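Subject: Handover of a structure and its findings

Dear colleague,

Please find the structure below, together with its sequence.

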Amino acid sequence: DVWQTTFQVHLRGWGLSLVYLGHVQGLITDDIEDPDTGEMFDPSRTSFGNFVHVGYVPWENRLELLARFTWMDPDLSAEDDEGFEILGGLTFLILGQNARVTLQYQYWHHMARIFDSSIPTGTDSHIVSLEARGWF
């Protein structure tokens with residue numbers, strides 16, 4: 001069984017957009033086998049995470065600046081398993097909101113391996129992405 005509660009606040013004005021989202025999620029299940037050790041364990045856990053996203057439009061229908069900070073704890077009962085993300089980017093609006101190109105840099109720090117994840121403990125990830133979108 002899985003349960004989840006979320007909380008969101010979105011404020012906009014003067015070319016600025018601020019979004020906060022928090023969530024708490026619980027997983028209640030029977031014991032399963034750890035694929036690494038073969039030992040049985042109870043994967044039931046409660047996780048918590050949140051993010052703050054800030055966007056600013058200095059030139060309407062031309063350019064958007066964005067920043068995001070994300071923090072999560074996949075298991076509140078475990079120590080040192082938190083992770084966080086810092087993201088920054090620029091969105092160039094080509095045809096107003098109908099066509100855009102976004103350049104982003106993303107830094108993830110993973111404190112611990114999350115079950116069923118290929119991301120090892122203590123890993124830092126650096127991602128640069130270029131994305132194009134269009135709407136008709």
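Predicted model: local features only at pLDDT ≥ 70, side-chain atom pairs only at ≥ 80, totals over all residues.

Residues are numbered from 1 along each chain as its sequence is written, and side-chain values use heavy atoms, with hydrogens and water left out.

Confidence
The chain has a mean pLDDT (the predictor's confidence in each residue, from 0 to 100) of 83, and 90% of its residues reach 70 or more. Strands (E, at least two residues) are DSSP runs, numbered from the N terminus.

Pockets
A pocket is an open set of points on a 1 Å grid over the protein atoms alone, where a 1.4 Å probe fits, with protein on both sides within 12 Å along at least five of seven lines; lining residues have an atom within 4 Å of a point. A volume is the space filled by probe spheres set on the points.

The largest pocket holds about 380 Å³ of space. Of its 18 lining residues, Arg12, Ser17, Gly55, Val57 and Glu64 lie nearest the centre. Strand 5 gives the largest share of this lining, four residues.

The second largest pocket holds about 240 Å³. Its lining includes Glu64, Arg100, Glu131 and Trp135, and by class it has one nonpolar, five polar and four charged residues. Strand 8 (99-110) and strand 9 (124-134) each supply at least two residues of that lining.

Aromatic rings
The structure holds four aromatic pairs, a pair being rings of Phe, Tyr or Trp (its six-membered ring) with centres within 6.5 Å. Why is the pair of Phe69 and Phe84 stacked? The ring centres are 6.2 Å apart and the planes lie at 25 degrees, so the pair is stacked (planes under 30 degrees apart). Phe69 belongs to strand 6 and Phe84 to strand 7, 15 residues apart, so that the pair links distant parts of the chain. Together with Tyr107, Phe69 and Phe84 form one aromatic cluster.

Yours sincerely

Methods
Nonpolar A, V, L, I, M, F, W, Y, C, P; charged D, E, K, R; others polar. Phe/Tyr/Trp six-rings, centres within 6.5 Å; stacked < 30°, edge-to-face > 60°.
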